[in-house]
Amino acid sequence: EQEKLEVIAAKQLERMRNLDVDGIILYDIQDESDRTSEERTYPFIHTVAPETYYRDYLKDVEKVKNIAIWGRSMGAVTTLLYASRNAWSLAVSCLVLDSPFAEFKRLFKEQAKKRTSMPGILSEGAFSVLKMTIQDKAGFDLGALKPISCVPKIYIPVLFGASKDDD
């Protein structure tokens, strides 16, 4: 896969060298490898984090001074969490975050209510079991996953988007 990414990046770099580029947008594409086995027009490559793709494959872009990162759903949450740590190793100008959730526990309960006939008290118990399992296996507190609390720590412009009936 790395060789394929290098070929793709080389083609992109060549195209950008011939253009008067002000900036680029790196975006998070949802990995669909587990959702469909249908043949694609283009060969499938597993998703690479936008900041990793820029750092490892597009770092030779001399003209580009403005970089925007776009993330959707969990990609938006990941971008938000990452940006809140001021961990950018590149000059990111702004973020475009499409449908990030505010708090995982609330998302879990909303989805349980929408997709099952589970009463609220049972979804609370199910969340507790899931939280303990994740804590035991990954050492991560799922109850503390509240991306909304990261917003005040971000010092670059962020555009948040969501639709009226967003799931």
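This is a dialogue about how to read several features of a predicted model.

Colleague: What should I know about the model before I read residue numbers and side-chain values?

Modeller: This is a predicted model, in which local features need pLDDT of at least 70 and side-chain atom pairs count only at pLDDT 80 or more, while totals for chains, interfaces and linings use all residues. Residues are numbered from 1 along each chain as its sequence is written, and side-chain values use heavy atoms, with hydrogens and water left out.

Colleague: How many helices and strands are there in the chain, and what pattern does the chain follow along the sequence?

Modeller: Helices (H or I, at least four residues) and strands (E, at least two) are DSSP runs, numbered from the N terminus. The chain has 5 helices and 4 strands, and read along the sequence they give the pattern α-β-α-β-α-β-α-α-β.

Colleague: What percentage of the residues count as buried, and which residues of the largest nonpolar core touch the most other members?

Modeller: In soluble globular proteins, nonpolar side chains tend to be buried together. Buried means under 20% relative accessible area, exposed over 50%, and partly exposed in between, with a 1.4 Å probe and protein chains only. A nonpolar core is a set of buried Ala, Val, Leu, Ile, Met, Phe, Trp, Tyr and Cys residues joined through side-chain atoms within 4.5 Å. Here, 28% of the 167 residues of the chain count as buried, and the largest nonpolar core has 28 residues, of which Ile24, Leu26, Tyr53, Leu58 and Leu95 touch the most other members. Two or more residues of this core are given by each of α1 (2-17), β1 (23-27), α2 (50-57), β2 (66-72), α3 (74-84) and β3 (92-98), and the largest share, 5 residues, comes from α3.

Colleague: How do I read the packing of helix α4 and helix α5?

Modeller: Two packed helices are described by the angle between their axes and the distance between the axes. Axes are lines fitted to C-alpha atoms, for helices over the stretch in contact, and angles run from 0 to 180 degrees between N-to-C directions. Helix α4 (residues 104-115) and helix α5 (residues 120-138) pack at about 130 degrees, with their axes 10 Å apart. That makes α4 oblique to α5, given that angles under 35 degrees count as roughly parallel, over 145 as roughly antiparallel, 65 to 115 as roughly perpendicular and the rest as oblique. The contact is made by Phe104, Lys105, Phe108, Lys109 and Ala112 of α4 and by Ser123, Glu124, Ala126, Phe127 and Leu130 of α5.

Colleague: How should I read the phi values of Ser73 and Ser99?

Modeller: Most residues other than glycine have a negative phi, and most peptide bonds are trans. Ser73, in the loop between β2 and α3, has a positive phi near 60 degrees, and at 27% relative accessibility Ser73 counts as partly exposed. Ser99, in the loop between β3 and α4, has a positive phi near 65 degrees, and at 15% relative accessibility Ser99 counts as buried.

Colleague: What do contacts say about residues at least 24 apart in sequence, and which residues does Val158 touch?

Modeller: Among contacts between residues at least 6 apart in sequence, 72% join residues at least 24 apart. Val158 is found in strand β4 (residues 158-161), is partly exposed at a relative accessible area of 27%, and touches Leu95 and Leu97, not counting residues up to four places away in sequence. The C-alpha atoms of Val158 and Leu80 are separated by 9.2 Å, although these residues are 78 residues apart along the chain.

Definitions and conventions
Contact means heavy atoms within 4.5 Å.
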